[in-house]
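Here is a short report to read beside the model. Please keep the sequence and the 3D view open as you go.

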Amino acid sequence: STVLVVVVVHGSFSEVSTTTTVQVLQLTSARFNYMYGRCVGRHPNQNSSQLLPVSHRRSSMAICFTDAVVAQRYALFRPNYPDSLLGGILSYVTRMRTNVEQKAIENLDVVDVGCGAGQSTFFLAKAGFRKIHGIDTSRAQINEATKALARRSSSVQRQVDFQVADADNGWPLAAGSADVVTVAQALHWLDHSKFYAHVDRGLRPGGYFLAFGYGNCQILDDGVSKLLTEFYSEKMGEYWAPEREHIDTLYSNMPMPYSPMERLSLELQYKVTLSNLIGYVSSWSAYATYCEQHPGNTALEDLRLQFIQAIKSSPSLMSSQANRECTDGNANIGDVELEIKFPIFALMSQKPNS
């Protein structure tokens, strides 16, 4: 078997607010080469008899989020949520908490549905909730989350747990046992009528339902941004599931289980290497579907080469001495830094007391 080893360095590159900095995963070009090979071509153990037609997008979605390699990409390359989002959530919960038996934040129990590799669960843990149960239908994603939990402090390990569960078909929790139910970047995949019935059963009267996520990545360079937009909408266009429209519109038309609903809108901006940008694209569900249909494709490598040409033609990007050094001979081209941003959103509502 092949072992994938990735060296990760955490660093703060850009302040989102006066109190918020963003952790950015960095991989040098040399370290990225092997992982990049895993991002293109066939999935492990795939053969031509396993290919699915584009019309079976939901089936392919299951392949995407249960595949171990895709789960690793998701854990490595997806953005972290900013502390300003956590501040907005806590402000809402604190303002409304008198309806939940006047419980303090540290006495609230949370169910994080569709937790994936644990990004949202660990993000919520920073708020000091008493217990956070992360659940996801994907065994591969829960395996990644469990490995990440083993690297956390003992206090976080006591606070957080993960388990495989189907959000649409019941949770392994007693009725009325949750003070807060959260869904991060996953609500658009769920059957809302079934899921909201479980939310209503699981939440205590006066409990909170919070859905949050991020929109499409925007690159702060016109030439590179145009290439990413074209790849997203044209090359990958037909491979996106219909539910993706909710992300495109930042959940503007997303049905919610309770009203009134409050919306929080923020922005996350930071620097990322070209290698990590390619890694982020490789974690797209549409790209996973595309690879199922086109094993051995060169779509990601083609995009990388287009990015390189656009970077070298960009006066703003080449004004950086570090970027000029990275493009000299292309040896370290993957270390070129790009400024990117994501729109961040949250929909917050409360279950009636009776």
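## Confidence in the model

This is a predicted model, so a look at its confidence comes first. The average pLDDT of the protein is 81, and 79% of the residues score at least 70. Residues 1-66 have a pLDDT below 50, although this stretch has 153 contacts in the model beyond near neighbours in sequence. Where pLDDT is low, the predicted coordinates should not be read in detail.

Why is strand β10 largely enclosed by the rest of the structure? Of the 14 residues in β10 (residues 337-350), 11 are buried, so the strand is largely enclosed.

Now for its pairings. Strand β9 (residues 261-273) pairs with β10 in the antiparallel sense, over 13 bridges. Strand β7 (residues 203-214) also runs antiparallel to β10, and seven bridges join the two. Strand β8 (residues 218-219) is antiparallel to β10 as well, joined to it by two bridges.

Some individual bridges are handy to find in the viewer. From β7, G213 has F345 of β10 as its bridge partner. K341 of β10 is the bridge partner of Q218 and also of Q269.

Notes:
Residues numbered from 1 in each chain as written. Predicted model: local features only at pLDDT ≥ 70, side-chain atom pairs only at ≥ 80, totals over all residues. Heavy atoms only, no water. Buried < 20%, exposed > 50% of the residue type's maximum accessible area, 1.4 Å probe, protein only. Helix = DSSP H or I, 4+ residues; strand = E, 2+ residues; numbered from the N terminus. Pairing = 2+ DSSP bridges. pLDDT = per-residue confidence, 0-100. Contact = heavy atoms within 4.5 Å.
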